[in-house]
Structures are given as structure tokens and as C-alpha cells.
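The stops below are given in the order to select them.

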Amino acid sequence: MSNINWLGSQDEFPNPIDCADPDPSVPGLIAVSERIYPGQLARAYQMGIFPWYSDNQPVLWWSPNPRMVLKPKNFKCHDSLKKTIRHFLMDPQKNICVDGDFGAVVRSCATARRKDQDGTWITHEIMDAYTQLHEEGHAHSIAVTENGLLIGGLYCVAFGGMVFGESMFSHQTDASKIALATLAAWCEQHQVEMIDCQQETAHLDSLGAAPISRDEFLTHLQIALKQTNIEIPWTFDKAILRHWL
């Protein structure tokens with residue numbers, strides 16, 4: 001990785017528009033840093049870059065090609081999920097809580113068991129950095145609850161008219177799908193045209209996400225970031241799920 005920039009606390013990221021793959025042997029890896037420095041995470045997202053690494057590794061900053069995205073209008077709410085949503089809406093013990101306990105959602109994502117990966121990439125440093133973004137109003141959580149207990153959810157990042165999905169978890173069947181359906185409904189209702197999903201998985205593909213080129217993603221990102229006039233209240237409840245029925 002001799003061509004990969006090691007970033008200090010004051011260094012700027014290479015722009016993935018001009019410096020797409022500094023080391024072709026590691027496609028998508030833009031830069032490396034010893035830690036996540038203050039303000040660095042916010043700058044990264046606004047350039048289409050995100051961190052993904054494990055404990056005992058340096059921080060690896062990525063801008064992959066292709067980029068997996070979900071256009072809310074293309075969200076696949078299959079008949080089985082519609083049935084789950086109807087039951088969810090009718091059950092007074094089940095609810096959606098937005099930004100109620102951001103830390104609990106992130107911790108649940110970090111410890112979730114996954115078929116194709118583990119949760120170790122959500123390190124304590126990652127939790128602290130995204131909690132800071134949350135306190136600044138740029139990271140949000142959607143919790144799916146039953147009797148006040150977490151059964152699923154997700155957290156995401158938002159700048160302007162762009163939403164970046166980060167991680168989901170389920171303790172009950174379809175709980176993470178409920179969370180994503182909620183986010184997709186909210187995005188469609190507020191003219192957010194794209195949710196970044198970062199990397200391709202079969203699960204996301206089944207829900208309507210699809211890969212696009214890095215250039216297309218970065219072009220859309222620059223347009224969406226300028227949509228600062230969009231009033232986007234992160235206050236909604238499970239009634240928003242009626243959008244899919």
C-alpha cells in the first residue's frame with residue numbers, strides 16, 4: 001500500500017473523483033489513518049468515503065466501485081413483508097423509536113451475529129465517532145421495539161439530501177426489514193432519492209438495492225449535499241409504514 005496516503009489529524013482526504021484507486025492492488029481504498037480524528041468522519045462522508053476496518057488495524061477509508069445503493073422508490077416490499085407490517089401496525093406493543101437510544105442501537109449492530117460477516121468492524125472507536133456525529137445531528141437511529149425492548153433496528157448518517165445506511169440488526173424475524181422499510185418510506189416522503197448501502201450483499205439485493213458506478217454515486221452525492229433547503233424532521237413513528245400498504 002505504498003501509494004496509499006497515511007493521514008494525520010490535519011490532512012485532507014484524497015478526492016476519489018480525481019484519485020479513485022491510489023493503489024490498484026487494493027481497489028477502493030482511499031487512505032489510512034492511525035485513528036479517527038475529530039471532524040474526519042463528517043468530512044469523509046461528504047466526499048463519499050467511509051471507514052471499514054477491524055480491531056487492531058489502522059483506520060481504512062474506502063470509496064468502492066461499484067457502490068451499492070437503494071433508491072427508496074425501488075424498495076421491494078414483498079407480500080410477506082407487507083403482511084408483517086400489517087401485524088406490526090396492529091400490535092400496540094410494537095413500535096418505532098427514532099433517535100431514542102442511539103448508543104443502544106449501535107451496540108446491538110456491533111454484537112449482531114451475521115451469516116456473511118461478524119460485527120467486529122464496529123469498534124469502540126467507531127461507536128464513539130458515530131455517537132459524536134449523532135450529537136451533531138448527522139447520525140440517526142431507527143429502533144424497532146416490543147414492550148419497550150429492542151428487537152431490531154439500524155443507524156445511518158445524513159448530510160443535506162443524502163442518507164448513508166450503516167448497519168442493521170434483528171433479534172426477531174424481519175425486524176431489520178421493518179427498520180429499513182421505515183427509513184425507505186421516510187426518504188421517499190422527503191425526496192431523498194438514494195440511500196447509500198456501501199457494499200453489495202444478497203440481503204440488500206433482495207430488498208431492491210443495486211450497484212451503481214462510483215462516478216454516478218459521487219455525482220449524485222454532490223447534488224444531494226447542496227439540498228440544504230430540505231427540511232427533514234427526524235421525528236416519525238410506525239404509522240409511516242402505511243406508505244407501503
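**Stop 1: strand E4**

Select residues 59–62, strand E4, which is covered on both faces: Val59 and Trp61 are buried on one side, Leu60 and Trp62 on the other. Buried means under 20% relative accessible area with a 1.4 Å probe, protein chains only. Strands are DSSP runs of E with at least two residues, helices are runs of H or I with at least four, and both are numbered from the N terminus. The model is predicted, so local features need pLDDT of at least 70 and side-chain atom pairs pLDDT 80 or more, while totals for chains, interfaces and linings use all residues. Residues are numbered from 1 along each chain as its sequence is written, and side-chain values use heavy atoms, without hydrogens and water.

**Stop 2**

Phenylalanine 50 stands opposite tryptophan 62.

**Stop 3: the second largest pocket**

Now select Ile36, Tyr37, Pro38, Ala129 and Gln132, which lie nearest the centre of the second largest pocket, among its 14 lining residues. A pocket is an open set of points on a 1 Å grid over the protein atoms alone, where a 1.4 Å probe fits, with protein on both sides within 12 Å along at least five of seven lines; lining residues have an atom within 4 Å of a point. Helix H1 (40–45) and helix H4 (124–135) each give two or more residues to the lining, and H4 supplies the largest share, five residues.

Notes
Buried < 20%, exposed > 50% of the residue type's maximum accessible area, 1.4 Å probe, protein only. Pairing = 2+ DSSP bridges.
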